[in-house]
Amino acid sequence: MNNQVAQQQKPTKLTDLVLDRVKQMQDTQDLSLPKNYNASNALNAAFLELQKVQDRNHRPALEVCSHDSIVKSLLDMTLQGLSPAKDQCYFIVYGNELQMQRSYFGTVAAVKRLDGVKKVRAEVVHEKDDFEIGANEDMELVVKRFVPKFENQDNQIVGAFAMIKTDEGTDFTVMTKKEIDQSWAQTRQKNNKVQQNFSQEMAKRTVLNRAAKMFINTSDDSDLLTGAINDTTSNEYDDERRDVTPVEGEKQSTDKLLEGFQKSQEAKAKGVSNDGNSNEGKEASEEVADGQTELFNEGTIKPADEADS
């Protein structure tokens, strides 16, 4: 039903819906948008971008995504003062849900909106760069020295760090390349070519997202803004929500699992146990197990404890 509504709803109607909601928040919840941010223009730019977005089976996002998920993505974008026209955010389809994710530029822009933030920056550290960390008198991690060199630009990335400078001081977050890889392994987009082809920008984005999460959760800013930033950060990680859209390579193994499950249920309906009294019941149980194992190996089903570290 939600999909049908999304297909029938004109873009202008959806933008009007989000704009009305934003105005309500401004009136009743003290929502403050950035100066020079035109929410209407940003929403129109988002809809132009959404015309190009497809799911893994190349179906248009506006046809397969639920009305609620489209509205929430656009609202999250607006609450953070972002625009796809400035390459600050983009949209991805997971199952029948649309989700908005920030670029590195988007995270910088969003964090700068927090009270007291003066400067936000992230950098990568290459092999043979002069980089030293330490701790201040409050036992807080600090970057004591960072001297990048031109000749090291093509060397392997060994880590990245982010800096958030506020009225009260400077917060640093440091990640090794191993930690960055572990974070990437938790994202929903496995073997992401963007991470491979644009590793420097993606590494900066990853460490800045971690820094933003730690900083935001200790801030006194509006729950609307901090909630939207946190929701967007968690969108791209494997948690309780999964992309359940089947692709061609997964359909056969999924059908195998369902077929085995059906045989098992039929055996139980006949009053036959799976403890060895019936070959049919035993074969059905084994087929279910084989199907599950195959799906685990392919990555279609993930362990319950796999989550963002």
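Me: Is Phe161 buried or exposed, and how should I read its value?

Reply: Phe161 counts as buried, since its relative accessibility is 8% (buried is under 20% relative accessible area, exposed over 50%, and partly exposed in between, with a 1.4 Å probe and protein chains only). The model is predicted, so local features need pLDDT of at least 70 and side-chain atom pairs count only at pLDDT 80 or more, while totals for chains, interfaces and linings use all residues. Residues are numbered from 1 along each chain as its sequence is written, and side-chain values use heavy atoms, with hydrogens and water left out.

Me: How many aromatic pairs does the whole structure hold, and how is such a pair described?

Reply: Two numbers describe a pair of aromatic rings, the distance of the centres and the angle of the planes. Searching the whole structure gives 4 aromatic pairs (rings of Phe, Tyr and Trp, the last by its six-membered ring, with centres within 6.5 Å; planes under 30 degrees apart are stacked, over 60 edge-to-face, the rest tilted). Tyr104 and Phe105 are edge-to-face because their planes stand at 65°, with the ring centres 5.9 Å apart. Phe146 and Phe161 also form an edge-to-face pair, at 5.1 Å centre to centre and 80° between the planes.

Me: Which parts does the pair of Phe146 and Phe161 tie together?

Reply: Phe146 belongs to strand β5 (residues 141–147) and Phe161 to strand β6 (residues 157–166), so their pair ties together parts that are 15 residues apart in sequence (strands are DSSP runs of E, at least two residues, numbered from the N terminus). Phe146 has 22% relative accessibility and is therefore partly exposed.

Me: What sits over the ring of Tyr104?

Reply: The charged end of Lys204 does, at 5.1 Å from the ring centre (the criterion is NZ of Lys or CZ of Arg within 6 Å of the ring centre and within 35 degrees of the ring normal). Tyr104 itself is buried, with a relative accessible area of 11%.

Me: What does Thr166 touch?

Reply: Leaving aside residues up to four places away in sequence, Thr166 touches Gly116, Val117, Lys118 and Phe215 (contact means heavy atoms within 4.5 Å). Thr166 lies in strand β6 and is buried at a relative accessible area of 14%.

Me: How do strands β1 and β2 pair?

Reply: Strand β1 (residues 89–94) pairs with β2 in the antiparallel sense over 6 bridges (pairing requires at least two DSSP bridges between two strands), and Tyr94 stands opposite Glu97 in β2. The two strands form a hairpin with 2 residues between them, and Gly95 in the turn has a positive phi of about 65°. Strand β2 (residues 97–102) is mostly covered, with 5 of its 6 residues buried.

How values were computed:
Helices (H or I, at least four residues) and strands (E, at least two) are DSSP runs, numbered from the N terminus.
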